[in-house]
Amino acid sequence: MKFNMERKNLDLFSVVAMVILCAIWGLQQVSIKSIAFDISPVLQGAIRSVIATIAVYIVIYKKNIPLYLSRSVFKYGALAGLLFGLEFLFVNEGLRYTSASHISVFIYTSPIFAALIIGYFLPEERLSIRQWLGIVICLIGVLVAFFMGGFQNTTTSLKGDILGLLAGLSLGATTAVIRCTKLAYAPATHILYFQVLGASIMLGIYAILSNQLIFKFSLFTISNILFQGLVVSFASFLVWFYIIKKYYVSQVGNIGFLTPVFGVLFSILLLGEQLSHSFIMGSFLVLIGVLILSLPRKKIITQEKKE
C-alpha cells in the first residue's frame with residue numbers, strides 16, 4: 001500500500017515546535033530526579049504511564065477509532081510495549097545511581113542501536129561507511145565518559161550509566177520494531193497506546209516486587225507527575241507524530257539533537273549537577289557520532305522529495 005502524502009519543508013512552526021519538544025524531553029530526567037526522594041522513580045514511571053494510557057485511550061475513543069488491530073499487529077505492539085517499558089525501567093533505576101545529565105546523554109545513543117537493528121532486517125538501510133564512522137565515534141565517546149575519571153567516577157555511578165546505556169538500547173529496539181514490522185501501518189495513537197500501556201504494566205509490577213512504593217503528597221510532586229504524564233508521555237509524542245507526518249523526517253530529526261543538550265543544561269541549572277571534563281568530552285563525541293549516523297543519504301532525500 002502506497003501513501004502519497006505531501007510533506008513540507010521546515011517552517012517557523014515546525015522549528016519552534018521541535019525546539020519546545022526537545023526542551024520537554026530534556027526536562028524529563030530532571031523532573032524524575034527532582035522528586036526521587038518523595039516518589040520512587042519506578043513508581044513515578046508507572047503512574048506517568050497510567051496517566052498517558054488513559055489520555056491516549058480518550059483520544060482514540062473520541063475519534064471513534066477501533067482499538068482492535070489484527071493479531072499480527074497486536075503481537076508486535078505488545079513487543080513494542082515491552083521494550084518501551086524496559087526503557088523507562090532502566091531510566092528510572094539508573095537515576096537512583098547516577099545524575100540526570102548522564103542519563104540524558106546515554107539514552108540518546110538509541111539511534112546507534114536502531115540503525116544496527118534496522119540495517120539487519122532491512123538490507124536497503126544497511127549502514128554506510130560514513131554511518132559506521134559515526135558509530136565508532138559514539139563508542140569512543142561512551143568510553144571516554146565512562147572511564148576517564150572525574151565527576152562521580154564510582155562503581156555506583158558506573159552502574160547508573162550502564163543502565164542509561166541499556167535504556168538507549170531499549171529505545172532503539174522499540175524504534176526498530178515500529179519501523180520493521182506491520183506496526184508501521186498502525187495509527188500513531190495506537191502505537192503510543194501500546195507503548196504507554198506496556199510501560200504501565202511493567203513498571204507497576206516492578207515497583208511492587210522491588211518495594212519501591214514511596215509516595216509523599218505535595219503540590220510539587222502532584223504537578224510534577226501530571227507534567228510527566230500529560231505533557232511528556234502523552235502530548236509531546238502526539239505532537240511529534242503530527243510533525244513527522246507533515247514535514248520531512250530528515251529535516252526535523254536533526255533538531256532532536258538539542259534534547260540531550262537541554263537535558264544537561266536543566267540538570268546543571270535546576271539540580272546543581274556538576275560535570276567533569278571527561279564527561280563533557282565524551283558527550284560531545286557521542287553527539288557528533290549520532291549526528292553523523294543520522295544524516296540522511298542523498299538518495300533518501302531525493303526519494304522523499306518525489307513523494
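**Before you click**

This is a predicted model, where local features need pLDDT of at least 70 and side-chain atom pairs count only at pLDDT 80 or more, while totals for chains, interfaces and linings use all residues. Residues are numbered from 1 along each chain as its sequence is written, and side-chain values use heavy atoms, with hydrogens and water left out.

**The whole chain**

Colour by secondary structure and you get 13 helices and 0 strands. Those elements are DSSP runs numbered from the N terminus (helices: H or I, at least four residues; strands: E, at least two). Of the 307 residues, 49% count as buried; that word means under 20% relative accessible area, with exposed over 50% and partly exposed in between (1.4 Å probe, protein chains only).

Show the surface next. The accessible surface is about 15400 Å², and 71% of that belongs to carbon and sulfur atoms; the areas come from the Shrake-Rupley method with a 1.4 Å probe, and for residues only the protein chains shown count as cover. As for contacts (heavy atoms within 4.5 Å), take those between residues at least 6 apart in sequence: 89% of them join residues at least 24 apart.

**Stop 1: helix 1 against helix 11**

Select residues 12-34 (helix 1) and 258-271 (helix 11): they pack at about 45 degrees, with axes 8 Å apart. Axes here are lines fitted to C-alpha atoms, for helices over the stretch in contact, and angles run from 0 to 180 degrees between N-to-C directions. That angle makes helix 1 oblique to helix 11; under 35 degrees would count as roughly parallel, over 145 as roughly antiparallel, 65 to 115 as roughly perpendicular, and the rest is oblique. Show side chains and look for the contact residues, among them Val-19, Trp-25 and Leu-27 of helix 1 and Phe-262, Phe-266 and Leu-270 of helix 11.

Now pick Gly-263, in helix 11. Is Gly-263 buried or exposed? Gly-263 is buried, with a relative accessible area of 0%. Leaving aside neighbours within four places in sequence, Gly-263 is in contact with Gly-26, Val-30 and Ser-104. Try the distance tool on His-102 too: His-102 and Gly-263 are 161 residues apart in sequence, yet 8.9 Å apart in space, C-alpha to C-alpha.

Back in helix 1, click Gln-29. Gln-29 is buried as well, at 4% relative accessible area. What does Gln-29 touch, not counting residues up to four places away in sequence? Look for Val-91, Leu-95, Ala-100, Ile-103 and Ser-104.

**Stop 2: helix 2 and helix 3**

Select 41-62 for helix 2: its 22 residues should span 32 Å at 1.5 Å a residue, and its end C-alpha atoms are 32 Å apart, which agrees. The expected span is 1.5 Å times one less than the number of residues. Pro-41, Val-42, Gly-45 and Arg-48 in helix 2 meet Phe-88, Leu-89, Asn-92 and Glu-93 in helix 3.

**Stop 3: two asparagines**

Asn-64 follows helix 2 and has a positive phi, near 55 degrees. Asn-211 sits in the loop between helix 8 (188-209) and helix 9 (219-246), and its phi is near 60 degrees, a positive value in a residue other than glycine. Asn-211 is exposed, with a relative accessible area of 61%.
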